[in-house]
Amino acid sequence: MADTIRFGIVGFGNIGSGVVDVFTRNRAVINARVPRPLELVRLADKDLTTPRPVEVPPGVEFTDDADRVLRGDDIDIVIELVGGLSPARQFVETALRAGKHVVTANKALLADCGAELFTLAAKSDVSLLFEAAVGGGIPIIRTLQQGLTANSLTSVRGILNGTCNYILSRMAAEGSKFKDVLQDAQRLGYAEPDPTFDVEGYDTAHKIAILASLAFGQDIRFSDVFVEGITRVRADDLALAAEQGCAVKLLAIARRDAPDAPVEVRVHPVLLPRMSPLGGVDGVLNAVEVVGDAVGPIVLIGAGAGLAPTASAVLSDVMNLAQQMVDGGAPLDRRLKIPVGKRSVQPMRKIALRHCLSLSLLDRPDAQSRVRSALEAESVTVDREVIRGHREGEYLNLALFTDAAPEANVQAAINAISELDVNAEPPSVLRREEM
Ligand code: HSE
C-alpha cells in the first residue's frame, strides 16, 4: 500500500486550476485531516500550451493522454473536470471500470445519466462523489447524503444560478431592463459570452434534477424538469415585486406532498416575500432551503460558483474518499438510492399554483369585466386586486393575485386575456411562492 492517496485531474481549465491552487495552499490543513496524505500525481488536458491561472506544481506530470489519469496504476482517485456529456461520460465510465473513485463537478452529466453512473460505481465497488455539481461551495450534497438522512424530505428549493441572481438583483436595485443588465454583466465577466445556459434556466434545471433525485430517491433527469428562464422578466415586474414587499428570483423547486405523491420539479421566476430566507439573497450568491419532516426547514447560503469555492467542494469529496479508503464504512454515494428509471413526476399543467397577473388595460367600462370573464371561464379566482395606476379615459394598471389553480387553466386564461382588445400593454405574469 502506498504511503499516500494519489489523485489525478482530467480537465485542467479554470476549475482544475482552482483545485490545484487550493490544494497547494491548504495542503497542510487538508493532510492533517485525512488518515493518509493526499498527493496530486498527474493532470491531463488536450491543451498543453494555453497558460493557466496556476503553474503545474513541481513533480506533477502534465499530459494530453487522459488515460494516464483514468487508468493510471498510480492513481486512486480521478477528478473529472472536463464538463459536458462527451467525452466526460466515457472518461467517468473508464475510471470507474478501472476501479478508481471519481469526483466530478459535472452537473450536466449527472442530470443526464447519473443513475447509470452510480450503478456502475457500485458494481465496480468504488464511489462517485459530486459535491461541486450543485451550489458551488455550499455543501448541499453532503447535507442531503449525511445530515438529513433521518428525514423524509418534502421540498428542496433554491437559487442555484449566480448569473441570474446577479441580473435580477441589479434589475431590482436599478430599475434596469434585462438586456441592459445582461450586457453589463457580460462586460464585467459575471455572465458568459453565450449566456443561454444560465439565463434560460438550463443550468438551474440540471442542478435541481440532481437535488430532486437525492431528496426523493428517484431517477429525475434534466428532461423531467419544467424550465422557464429570466429573459421575459420585465423591469416593471421587479417594480411590482418591490411595491408588494417581494423579490423576483429564479427559483428551482422540487416538492412532493406525500411519500407516494408525484414529484414537482420546476424552474421559473417567482414572486416571493423579500423578508424570507431566499427572498433576501442577492447578487451572485446561491441559497438552498430543504424541508424535512423531523428537522423542519434549513437554509444554506454561499458562493455558488467561482474557482476557490468549487475547489473547496471538490477537495472535500477527495478527503471523504481518502477516509473511506482507509477506514471503510458506507460509501456516501450509496446511502441515497437512485434506481435507474424510477420516477414519478407531476406534469406542470396539473400543478396548482398562485399567480400575480400584471395588467395594463385601456380605461374602458368593459375592460375589467372581460378580464374577469376570461379568468372565470378557466375557473381561476382572484384573491386580491391592487390598482397600481389610473388615468381616466386612458389606462388602468392592475395587479391581480389569484388563488391556486392548475397551471393549464391559468395559462389558458392568460392567453385569452392577451387576445382581448382591452390591453394597453401585453399582460405579464409571475408565479407566486410562499416561504
Ligand atoms: N454559471 C453558473 C452560475 C455557475 O452562474 O451560477 C456554474 O454552474
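The shell around the ligand in this predicted model consists of Lys107, Asn161, Gly162, Thr163, Asp198, Asp203, Lys207 and Ala305, a residue being counted as near if one of its heavy atoms lies within 4 Å of the molecule. Residues are numbered from 1 along each chain as its sequence is written, and side-chain values use heavy atoms, with hydrogens and water left out.

By class, this shell comprises four charged, three polar and one nonpolar residue; Asp, Glu, Lys and Arg count as charged, Ala, Val, Leu, Ile, Met, Phe, Trp, Tyr, Cys and Pro as nonpolar, and the others, Gly among them, as polar. Helices α7 (162-174) and α10 (202-216) each contribute at least two residues to the shell, where helices (H or I, at least four residues) and strands (E, at least two) are DSSP runs numbered from the N terminus.

Polar contacts (pairs of N or O atoms within 3.5 Å; within protein, one must be able to donate a hydrogen and the other to accept it, and residues adjacent in sequence count only if both atoms are side-chain atoms) were then examined. An N or O atom in the side chain of Thr163 lies 2.6 Å from a ligand oxygen atom, and for the side chain of Lys107 the corresponding distance to an oxygen atom of the ligand is 3.2 Å. A nitrogen atom of the ligand is 2.9 Å from a polar side-chain atom of Asp198. Of the 260 Å² of accessible area that the ligand has on its own, the protein covers 79% (Shrake-Rupley method, 1.4 Å probe; for residues, only the protein chains shown count as cover).

An open sheet of six strands is ordered β3-β2-β1-β4-β5-β6 with parallel pairing, two strands being paired if DSSP finds at least two bridges between them. Strands β3 (61-63) and β6 (128-129) stand at the edges with a single partner strand each, so one side of each is left without a neighbour in the sheet. Strand β2 (residues 38-44) runs parallel to β3 and is joined to it by three bridges, with Thr63 in β3 as the bridge partner of Ala44. Antiparallel pairing occurs between β11 (residues 285-292) and β12 (residues 296-303), which are joined by eight bridges. A hairpin of three residues connects β11 to β12, and Gly292 stands opposite Gly296 in β12.

Two backbone features lie in loops. The peptide bond from Ser86 to Pro87 is cis, with omega near 10°, and Pro87 is placed in the loop between β4 (77-80) and α4 (88-97). Asp125, although not a glycine, has a positive phi of about 60°; Asp125 belongs to the loop between α5 (107-123) and β6.

Note on methods:
This is a predicted model: local features need pLDDT of at least 70, side-chain atom pairs count only at pLDDT 80 or more; totals for chains, interfaces and linings use all residues.
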